[in-house]
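Take a walk through this two-part tour of folds and contacts. Begin with the terms, then follow the chains.

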Amino acid sequence: MTKQNTLEKNNDFYFVYFLILGLITLVFGITDLIVAITGSEYSLGVLDIPNDGFRGGWGGLVIIFAGVFYLSGLKNLHEIHQLAKVMMGSILLWIIAGTDIFAMVAESIPGGEDGGWFNTARGFWEAYAPPYTPAVLLLPFSLVVISCIHEYYKKQEEE
Amino acid sequence: MKVLLMGHPNVGKSAFFNRLTGANVIESNYPGTTVDYTKGYMRLGKRDVEVIDVPGTFSLEPKDKAEEVAVKMLRENKGAYVICVIDASKIKRGLYLALEIIEEGYPVIIALNMWDVAIDKNVDVDATKLGEILGLPVVPTIAISGEGVSAVISRLEKIAPVQVGDIIKRTGDAAVDARLEPDERWRLIDKISEKTIRFGEYKHTLKDAVGDLTIRPLTGIPVAIAVLYGFWSIFGSFAGLCTDGFLVKIFDGHWLPWLQGVFPGGLGDWLYAIMVDAGHIKNGVLVASDNCFESFGVLTSGLFVPIGVVLPAIFIFYLMLTLLEDVGYMPRLAVLIDTVLHKIGLHGYAIVPSILALGCNVPAVSATRILETKKQRFMMMTLLAVFIPCGAQIGIMQDVIPNSIGFVMLYLFAGYFVFGFILNKVVPGRTPEILMDVPAYQKPTLYNVGRKVWMRTSGFLKVAVPFVLLGSLIVNILYLLGTIDWLGNVLAPMFEGWFGVPKETAGPLVAAFLRKDLAVAQLSAIHMTKYQMISAVVLVSIYFPCIATFALMLKEGGKTFLGSLAVLLAAVFTWGGLLHLLWKLAGVE
């Protein structure tokens, strides 16, 4: 009997985890797209869905792709090509979340049309306050893939 | 003494050249970075030796214009020393070219570059033994980090021509005097490889699996959509931060009022109008402008356009492009888009000049050399000059028509494919299939990224600032002389009737021949509807290429340039007029 590695041992956990994450990502992406098409504002608690064609439409499409990557890769995650799909799902989310965060940073620095050169300390911190876009909210959950990659490489080293 | 750097495309020759000479040559992780030769000097002992970075070629039987340049360089430099740069992980292919050069009688030293990649791929080359069989120095190198480069330099002076017959003898076969036929050359390479190379088992890594996902259409297209999203999102955020956040404040809040205060003459004076502010009529009174977009002066609009708006856009564009190039994503994009581009008679690598053109049309016209046939080069040159707006223009569009920029880009790209399809049917010539070599993903180095972005951005500034200043000067003088008004009146039936734009568009169209970014900035000062503005921006884009692109197209295209001009005129009238028709049909003029 071959010795199981951690990734194989935790296969069931990762299966359920990425199934839930994939479904939520897919739902967020579809909502993004619908909100962008209808052009109506949507904000609920810490969640804010952008209604412009670029972030909501194009970005929403990418979030849908991320969800599909998660769902298509969750079975047999210890297999390299399946792990690559889940990793790609996270990479797509990182692209969207990264650009959303970069946009927040870009808006937080200058003082605005009538203000000074730089934003006030209060204005700076307020720029990072909730609500957040779906990709930013999903960002911490997408980082779990790093643990999978770490376990995969640990297995490689053992072999 | 001359040294030629030769090898296949994308084996690191440009990186090697930069290490040898300390020069700044663009190096990228895709084939065709060098489409013309570059000269530099290296220190060898106590003298300076000329080094030539020759475009990549697979053999001495050229298949495209860049390979023709490579073979011509070799033939024109009899007696030159040749550093043959070979990708150590694909050594057999590289040895073919090396043997061809040896047979021509040149003294050769082999740099087994990308040694680290070969180790990763479990390719074990006995460099010492290979050197003994070939009778010349073989040095493992990693040009991007500089490893082994000094060993190549130290052994360069001692190399001498070798006879291919001696190499054959050392493999244990009977020597032949005549030149080798391709089959014989491959047999010799097999013999040499048996004695010197061991190909170990290669395990598919996670990096390879992720790489595969970016190439297969089903998974690669979503990834491409995400990458392009990231590209434009960062582009928009960064350009907005610099321009709206700081540079508008500097130019409109400080520079313009200061110049309005200190420049002699004041409003209404001709020199003041040319250099600072032409002003505008409000309620029948000439009033001063309150922003640099509308002031039109050489020292106001002329500096604000290239530095305040375009520079941040160009900087971030080149930074993102360089990262994609150095990571190795461009060849994957080329593979993905190959099928689509074949429909218009081009192939996947046409994406390289097309994307370069989004930065600046000038290097993009040079990059068309990687295409194999005259037909493909003519088509590519024409399409990019007509339908691909440069980064400077996009930067201004981002400021002038932020909500319509997506539509303008889509309309232009649609024109690229429609006219490409027509040209493919009409223009005679071949559109051959190609095999694309996809390099491994690499981690970009800060040194290379920084150097490339600096070279490209400073290159832009050197070209753009003088042209924008000159453009502002010429247009302002023409305004003062009444030439623009006269031109507008003469062409009014065509502008208003066919294109659906105001006759005042004549001024920006004159400026567009010098700089398209300046032209779009000037459009913003003309009173027109949203739809007229979109039509006018499209017109500026597809109308004559800027003068720098124009000159290079003439040089590269020769006689075919007249054909490009004919296509350009057809595109301006049909594609420009069609948009007006669409607005009419939609009832939104």
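Helices (H or I, at least four residues) and strands (E, at least two) are DSSP runs, numbered from the N terminus. This is a predicted model, in which local features need pLDDT of at least 70 and side-chain atom pairs count only at pLDDT 80 or more, while totals for chains, interfaces and linings use all residues. Residues are numbered from 1 along each chain as its sequence is written, and chains are lettered from A and ligands numbered from 1 in the order in which they are written.

Start with chain A. Its secondary structure comes to seven helices and two strands. From the N terminus on, the order is α-α-β-β-α-α-α-α-α. The C-alpha trace of chain A spans about 70 × 35 × 25 Å along its principal axes. Chain A has 159 residues, of which 37% count as buried. A residue is buried if 20 or more other C-beta atoms lie within 10 Å of its own, exposed if 12 or fewer, and partly exposed in between; C-beta atoms are placed from the backbone. Two residues are in contact if their C-beta atoms, placed in that way, lie within 7 Å. Among contacts in chain A with a separation of 6 or more, 67% join residues 24 or more positions apart.

Now look at one helix pair. Helix 2 (residues 11-38) and helix 6 (residues 134-142) of chain A have axes that come within 11 Å and cross at roughly 170°. Helix 2 of chain A is therefore roughly antiparallel to helix 6 of chain A. The axes are lines fitted to C-alpha atoms, for helices over the stretch in contact, and angles run from 0 to 180 degrees between N-to-C directions. Angles under 35 degrees count as roughly parallel, over 145 as roughly antiparallel, 65 to 115 as roughly perpendicular and the rest as oblique. Helix 2 of chain A brings A:Leu21, A:Thr25, A:Phe28 and A:Asp32 to the contact, and helix 6 of chain A brings A:Pro134, A:Leu138 and A:Phe141. By class, this contact has five nonpolar, one polar and one charged residues. Here Ala, Val, Leu, Ile, Met, Phe, Trp, Tyr, Cys and Pro count as nonpolar, Asp, Glu, Lys and Arg as charged, and the others, Gly among them, as polar.

The loop between helix 5 (121-126) and helix 6 of chain A holds A:Pro131. A cis peptide bond joins A:Pro130 to A:Pro131, with omega about 10°.

Turn to chain B. Its domain assignment gives domain 1 (2-199) and domain 2 (217-586); such bounds come from an automatic or database domain assignment. The C-alpha centres of the two domains of chain B lie 40 Å apart.

Two loops of chain B deserve a look. B:Met114 sits in the loop between strand 5 (108-113) and helix 4 (115-120) of chain B. Its phi is near 55°, a positive value in a residue other than glycine. B:Met114 counts as buried, because it has 28 C-beta neighbours inside 10 Å. B:Asn283 lies in the loop between strand 9 (280-282) and strand 10 (285-287) of chain B. B:Asn283 is not a glycine, yet has a positive phi of about 50°. With 5 other C-beta atoms within 10 Å, B:Asn283 is exposed.

Finally, see where the chains meet. The contact takes 20 residues from chain B and 23 residues from chain A. On the side of chain B that touches chain A, helix 9 (206-213) and helix 10 (217-262) each supply at least two residues. Helix 10 of chain B gives the most to that side, with 14 residues. By class, the side of chain B that touches chain A has 13 nonpolar, seven polar and no charged residues.
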